[in-house]
Amino acid sequence: MYTGPCKVLHLSSGLLPNSGRFGIVLSDEYQVVTSLWYPLYKTHAPQQASRMLLLNYLVIPSKAQLNKPGYIPNLGECSHYRSKIHLKAGDKLQSPEGKPKTGRIQEQCEGPCISSSNCSQPCAKDFHGEIGFTCNQKKWHKSTETCTSLSVEKLFKDSTGASRLSVAAPSIPLHILDFRAPETIESVAQGIRKNCPLDYACIIDIVKSSETTSGNIAFIVELLKNISTDLSDNVTREKMKSYSEVANHILNTAAISNWAFIPNKNASSDLLQSVNLFARQLHIHNNSENIVNELFIQTKGFHINHNTSEKSLNFSMSTNNTTEDILGMVQIPRQELRKLWPNASQAISIAFPTLGAILREAHLQNVSHPRRVNGLVLSVVLPETLQEIILTFEKINKTRNARAQCVGWHSKKRRWDEKACQMMLDIKNEVKCRCNYTSAVMSFSILMSSKLMTDKVLDYITCIGLSVSILSLVLCLIIEATVWSQVVVTEISYMRHVCIVNIAVSLLTANVWFIIGSNFNIKAQDYNMCVAVTFFSHFFYLSLFFWMLFKALLIIYGILVIFRRMMKSRMMVIGFAIGYGCPLIIAVTTVAITEPENGYMRPEACWLNWDNTKALLAFAIPALVIVAVNLIVVLVVAVNTQRPSIGSSKSQDVAIIMRISKNVAILTPLLGLTWGFGIATLIEGTSLTFHIIFALLNAFQGFFILLFGTIMDHKIRDALRMRMSSLKGKSRAAENASLGPTNGSKLMNRQG
């Protein structure tokens with residue numbers, strides 16, 4: 001047996017593969033004892049910058065050379081050598097059969113697409129699994145994907161082979177070399193214990209070089225879950241770093257869209273629970289540590305005891321590589337720290353900027369859309385004696401006008417729990433929450449409500465107010481139709497009542513469309529119907545404001561122009577051009593600009609979009625401008641009404657004030673000044689009182705129009721009395737006429 005020196009050769013030495021699978025062209029001087037080829041065609045990962053092929057050749061002198069008298073081998077030190085072949089992205093890789101391998105995935109099904117039908121396609125040759133498709137609107141849409149290029153065997157294959165060929169001495173006796181097949185690794189825990197028990201680093205490169213397909217994401221989640229279950233007995237800082245690097249790979253913003261196609265809908269919840277479980281076993285050595293500082297996961301911790309002053313952990317992370325950092329802070333109040341024992345304990349917190357977009361809640365009743373997270377997800381690991389913490393979240397979307405909601409993630413129920421936290425502060429940029437920490441609720445964040453206010457009082461006010469308003473507007477139109485001929489005597493009075501009628505019609509129609517939109521369930525097949533509801537609601541609410549503007553212009557016209565009057569026909573043309581023409585132009589322009597980009601409506605309701613295209617400004621700006629103009633008109637009327645005479649008494653002054661107040665009260669609902677309270681409701685942190693006042697004034701606007709525009713008009717009351725009197729007179733005449741012939745016949749009979 002040869003016990004002399006050996007040599008490891010590699011591709012750069014000029015030796016190239018020959019015939020057979022692992023053949024090498026060698027001179028008669030050397031023979032290959034063993035070689036390790038890393039099968040590149042099995043590990044091809046698309047979309048990576050480069051790939052490697054690991055080659056190892058252990059070479060010793062040939063028998064012919066050894067038998068030569070006086071031969072002295074000179075092969076130098078025998079040490080393990082690893083060569084690398086770098087391939088650029090897009091290079092074709094050849095399998096033993098010579099067929100190119102590609103990571104490309106089939107993205108459509110062949111054959112007819114029948115509604116609600118399903119089909120599946122195999123993954124690319126480098127991946128195992130399949131892709132599921134569902135037919136919707138005559139198009140195939142990807143629904144699930146299990147394509148994975150990772151496996152337990154692949155995670156440790158390179159590490160196992162390398163460890164078998166690692167040599168430290170200048171020469172190796174052949175009887176020491178073990179050329180048996182490597183031991184099969186059946187579990188992640190077994191592979192890590194064998195190859196990298198101190199830091200888990202042996203799995204990082206393989207995981208980070210893998211493509212973040214849905215199947216690979218699901219595999220990595222199970223990998224982390226197994227590590228948390230089987231290898232969390234003594235978690236060090238190095239282990240936590242390696243663990244977080246693996247988790248960071250699937251929390252990348254580029255991977256978020258692929259989470260939706262994982263068949264296991266609890267994968268995101270499993271990931272969060274696994275990270276929390278692993279961090280619970282982490283031991284901190286220094287007083288304060290920045291343990292992990294990855295892009296999409298950060299971990300910090302410090303020692304605490306009952307004498308520690310109030311402690312806080314601050315995080316600053318970005319939701320992607322371009323936006324500014326979002327802040328988050330975890331505070332432990334002083335009164336909570338006093339509950340600790342004198343011996344030192346530790347507090348750990350983990351921050352996730354992208355996990356909120358991934359977490360999927362279990363099915364919730366009365367929730368038709370996923371609840372959106374608008375801040376970092378902050379996990380905490382505290383001693384069991386601590387129960388209350390204070391968390392501060394910076395809002396990701398600062399332009400949203402919805403109220404924030406503090407929540408905690410319930411790991412057993414797999415959903416956000418509103419009862420876990422209480423709101424302390426909600427301003428434009430940040431939210432402060434007081435939360436209860438338990439073993440089931442360790443992670444916290446903020447949700448954004450889809451409504452401006454979720455208080456049930458507002459819902460009741462709106463429901464009752466709209467009902468009363470619709471009935472009042474119908475009654476208003478009936479009264480106007482009844483007394484029309486008696487009250488439209490002059491051009492001004494005619495146009496005044498034309499305005500009242502059109503204001504009532506516009507508001508009545510807008511309220512009906514609002515009710516339809518409020519009870520409308522947005523589905524893919526009902527999208528066009530929702531667009532129509534939004535358009536007509538927008539159009540008729542604008543018509544309401546423009547008719548109120550025209551009424552204000554008529555009031556100014558009546559005050560300023562005394563001697564010269566405009567023809568009734570010309571006033572009608574101007575009135576309808578302003579009342580319906582301007583709203584139509586604005587509504588059509590809005591839908592034409594925003595709808596091609598699907599930015600016309602809100603995703604959760606049939607109303608104008610705000611977050612993406614700011615389409616709501618097409619209603620808010622005209623409405624607020626008209627309210628401002630009408631307010632000026634009311635002030636002009638108030639000043640014009642005053643006109644105190646010289647030497648007027650107190651009683652006359654009081655009468656003037658009463659007359660001004662009456663005019664302002666009548667004009668305020670008719671000119672839409674109540675909508676001015678809407679400005680206060682747009683300000684972050686506005687008291688509920690302003691929302692209630694706004695809801696009361698505008699939900700009951702139809703009732704106010706009936707009261708101040710119709711019933712309080714003395715001319716309409718006089719016309720109604722005359723109408724009622726004439727109706728009574730006609731009824732009496734009809735009774736007399738019906739009784740006349742009967743009485744006459746009775747009289748004739750008596751005479752007979």
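Mentor: Two residues are in contact when they have heavy atoms within 4.5 Å of each other. The model under discussion is predicted.

Trainee: Which residues does T710 touch, not counting residues up to four places away in sequence?

Mentor: The place of T710 is in helix 18, which covers residues 701–711. Leaving out residues up to four places away in sequence, the residues that T710 touches are C476, I479, E480, I500, I705 and I716.

Trainee: Is T710 buried or exposed?

Mentor: A residue counts as buried under 20% relative accessible area. The relative accessibility of T710 is 0%, and T710 therefore counts as buried.

Trainee: How are helix 11 and helix 18 oriented to each other, roughly parallel or roughly antiparallel?

Mentor: The axes of helix 11 (residues 491–518) and helix 18 come within 11 Å and cross at roughly 165°. Angles over 145 degrees count as roughly antiparallel. The crossing angle therefore makes the orientation of helix 11 to helix 18 roughly antiparallel.

Trainee: Is the crossing of helix 11 and helix 18 left-handed or right-handed?

Mentor: On the helix 11 side, R496, I500, I503 and L507 meet Q701, G702, I705, G709 and T710 of helix 18. By class, this contact has four nonpolar, four polar and one charged residues. The crossing of the two helices is left-handed.

Trainee: Where do the buried residues of helix 3 lie around its axis, on the same side or on opposite sides?

Mentor: Helix 3 spans residues 188–195, and its buried residues are V188, A189, G191 and I192. Because these residues cover an arc of only 165° around the axis, helix 3 has them on the same side.

Trainee: Is helix 3 roughly parallel or roughly perpendicular to helix 5?

Mentor: The axes of helix 3 and helix 5 (residues 214–230) come within 9 Å and cross at roughly 70°. Angles of 65 to 115 degrees count as roughly perpendicular. The orientation of helix 3 to helix 5 is therefore roughly perpendicular.

Trainee: How many charged residues does the contact of helix 3 with helix 5 have?

Mentor: Helix 3 contributes V188, A189, I192 and R193, while helix 5 contributes L223, I227 and D230. By class, the contact has five nonpolar residues and no polar ones, and its charged residues number two.

Trainee: What distance separates the C-alpha atoms of A623 and G672?

Mentor: A623 is found in helix 14 (residues 617–642) and, at 7% relative accessibility, counts as buried. Along the chain, A623 and G672 are 49 residues apart, and their C-alpha atoms are separated by 8.9 Å.

How values were computed
Residues are numbered from 1 along each chain as its sequence is written. This is a predicted model: local features need pLDDT of at least 70, side-chain atom pairs count only at pLDDT 80 or more; totals for chains, interfaces and linings use all residues. Side-chain values use heavy atoms; hydrogens and water are left out. Buried means under 20% relative accessible area, exposed over 50%, partly exposed in between (1.4 Å probe, protein chains only). Helices (H or I, at least four residues) and strands (E, at least two) are DSSP runs, numbered from the N terminus. The arc is that of the directions from the helix axis to the C-beta atoms. Axes are lines fitted to C-alpha atoms, for helices over the stretch in contact, and angles run from 0 to 180 degrees between N-to-C directions. Angles under 35 degrees count as roughly parallel, over 145 as roughly antiparallel, 65 to 115 as roughly perpendicular and the rest as oblique. A crossing is left-handed if the near helix is turned anticlockwise from the far one by less than a right angle, and right-handed if clockwise. Ala, Val, Leu, Ile, Met, Phe, Trp, Tyr, Cys and Pro count as nonpolar, Asp, Glu, Lys and Arg as charged, and the others, Gly among them, as polar.
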